[in-house]
Structures are given as structure tokens and as C-alpha cells.
Amino acid sequence: MPTVKALAKGIFSGQKPELARAITLVESSKKEHWEIANSLIEQCLSQKTSSVRIGITGVPGVGKSTFIEALGKNLTAIGKKVAVLAVDPTSTQNKGSILGDKTRMSELARDPNAFIRPSPSGATLGGVARKTRETIILCEAAGYDVVLVETVGVGQGETTVHSMVDFFLLLKLAGAGDELQGIKRGIIEMADAIAINKADGDNLKKVGRAETDFKRALQLYPPKENGWLPKVVSCSALENKGMLEIQDLIFRYVEQARKTGDFTSKRKSQNKNWLLQTIDEHLKLDFYTDKKIRSRLKTLTKEVVDNKISPFRAAESLLQFRKRELK
């Protein structure tokens, strides 16, 4: 295994193989890798960057991969280095993931100024992988100006990605029957912009109506704390129509946020959330890897399955047992 010094040197010089190795190390669940990964992250945090983190979400079939490839190619065309962190859903049955985003973004994958990293979501909620925050830090240290985080698109659970990006973009489809449904979702409140994709061919009239519906819906929400009013735009990622307007919209938002200081305060909030998420992760890991807990959990699970005890009472019993063990 490469040393922290060797990995850091490779990352800082923009070497993609070293960046990929570092991400694999950070994503590892082996305890012997943790200290190395943590030391590497700390070195990368010391690198000053002016990157922009963009979260992109939407239901399956909305065209996220096509959209990201079009946006990424436009960004590299103006000299930006773009990292794409694509999260694929993990099967609850066989625990596997397809990880096919490089295939779906074949042109961008060949671009020397782009880096695409697919990762499995695992059991992580919120549409992101377990170590997405750490991967963002590694990509920024490698010199990537824009980090695009594509979520699995699970609907109302996309809150986690919102807490780790500077700009949150919601992709929608026209005529999919969710124009009014979308109003009820908390995700609308989180979006900094809504882009209605596939505005081409016979779909143009539907897109126009959907755009009007979402603009009206957004009027029901108060302005964001930073004063930004979320925008509704339409685009065709397939035909690269409206993509430059969306790119300009994102940069306008970032420029405004930097002027007002909201950009910095948001980054500080991201770090706080990162800390709390890490604590939760370690508490769960320590709990479930305890041999006595695992043994007692097995017994209690059988009792719950056989209706001999309620799940609430079983959980309370297990937590009380843990408290006694720690004394």
C-alpha cells in the first residue's frame, strides 16, 4: 500500500491513479486503513482551493447522467477541471451495485480534465455514498474546480447531499405526473434551482406548462436565508440546449454567495454536519461490532420475530445492556 506521503504527492500533482487509490482507501471499512485515510484527509484539508460543489438529484429516468455529461463537457470547454462523484444504488438483496456511470458518460470519461468516480450507496441514506464528503476533499486537493455529486435519486431522502454542497439542483420531468406531488416534497425547499430536462421534440409544450407550474409552486415558499430566489429553467441535455444558461446561473449564485459571505458560512455548516455524521457512524460501528451486543441482539431479534417482546422493549433492553457494559 502506498504511504500517505506518496498518495498526497500524487493527489496534489493531479495524478488520477493516485486519486482513485486514495478514494478506495478512504471508502475501505477495514480499521487498519482508517488512520492512514484520516491522515491523508487532514493533509488534503490543508490545501486551499476555490472549488464549487454542486449536488444534482432527480428521480430515476430524469436524465441525470446525460445532464451531468453535458454540463461537465461545457465546463471543461472553458478550462475547468471537473470531478463527478456518481452514486449508484446498492441492492438490498445481493449488496451489489452496477457502477455504470463511466459507460453512461463515455465522452466525459475520456476528457483529460474530467474524473468520474462511481461509488455504491451501501446502506447510507440521503442518496450519497458513505464517504462522499471525504471524496470531495480528495478531489478538491487534486485540483478539480467543480465537483458534481450525482445522487441515486431516491425521492424524498436526498437531504444528506444538500448538507455537503454549495449549490443544489433538482432535475424534473414534464408530464411525469409529479408537478403537484413535487410541491409537497421537502426537497423543493432545498433546491437552489429546478431544471426541467428533456425539453425537446414533442415534449416542448409539456415542459412549458411544467415550468409555469413550478414557478407558481415556488412562490408559496419564502426566500432562502441568503435572499436567493430559486429559479426554474428548462433544458435538453441531449441536445445541449439551455445548458450554458444553467451553468451561468450556478456561477451567478456562487458569486452572490461569496460576496455576501453565505458561501463561507455554508462551508462551515458542512464541516459541522460532517463531524456529526462521523460521530454517528463511529457510534453505530462500535455498537454493532461489539461481540456481546451481537450475541444479545441475535437473541432479542428471535424474540421480536416470535412476538415474545416488542421491538421498542428489545431496543431499550439492548441499550441498557450497553450502558452497563461501559461502566
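**A first look**

Mentor: Leu-276 is partly exposed, with a relative accessible area of 41%. Buried means under 20% relative accessible area, exposed over 50%, and partly exposed in between (1.4 Å probe, protein chains only). This is a predicted model: local features need pLDDT of at least 70, side-chain atom pairs count only at pLDDT 80 or more, and totals for chains, interfaces and linings use all residues. Residues are numbered from 1 along each chain as its sequence is written, and side-chain values use heavy atoms, with hydrogens and water left out.

Trainee: Which helix holds Leu-276?
Mentor: Helix α13, residues 262-289. Helices (H or I, at least four residues) and strands (E, at least two) are DSSP runs, numbered from the N terminus.

Trainee: Zooming out, how many helices and strands does the protein chain have?
Mentor: 15 helices and 7 strands. Of the 327 residues in the chain, 46% are buried.

Trainee: Where does strand β6 sit, covered or open?
Mentor: Mostly covered: 5 of its 5 residues, 193-197, are buried. Ala-193, Ala-195 and Asn-197 point one way, while Ile-194 and Ile-196 point the other.

Trainee: Why the two directions?
Mentor: In a regular strand the side chains alternate between the two faces of the sheet.

Trainee: Which strands pair with β6?
Mentor: Strand β5 (residues 167-173) pairs with β6 in the parallel sense over 5 bridges. Strand β7 (residues 231-234) also runs parallel to β6, joined by 4 bridges. Two strands pair if DSSP finds at least two bridges between them.

Trainee: What stands opposite Ile-196?
Mentor: Lys-172 stands opposite Ile-196. Ser-234 in β7 is opposite Ile-196 too.

Trainee: New topic. How many salt bridges does the structure hold?
Mentor: 17. A salt bridge is a side-chain nitrogen of Lys or Arg within 4 Å of a carboxyl oxygen of Asp or Glu.

Trainee: What does Lys-266 bond with?
Mentor: The side chains of Lys-266 and Asp-192 meet in a salt bridge at 4.0 Å, N to O. Lys-266 lies in helix α13 and Asp-192 in the loop between α10 (186-190) and β6, so the pair ties together parts that are 74 residues apart in sequence. Both Lys-266 and Asp-192 are buried.

Trainee: And which partner does Arg-322 have?
Mentor: Asp-290, with the closest N and O atoms 2.9 Å apart. Arg-322 is in helix α15 (residues 311-326) and Asp-290 in the loop between α13 and α14 (291-305), so this pair ties together parts 32 residues apart in sequence. Arg-322 counts as buried, at 16% relative accessibility.

Trainee: Last one. Is Thr-76 buried or exposed?
Mentor: Buried, at 10% relative accessible area. Thr-76 is found in helix α4, residues 64-77. Not counting residues up to four places away in sequence, Thr-76 touches Val-82, Asp-111 and Asn-113. Contact means heavy atoms within 4.5 Å.
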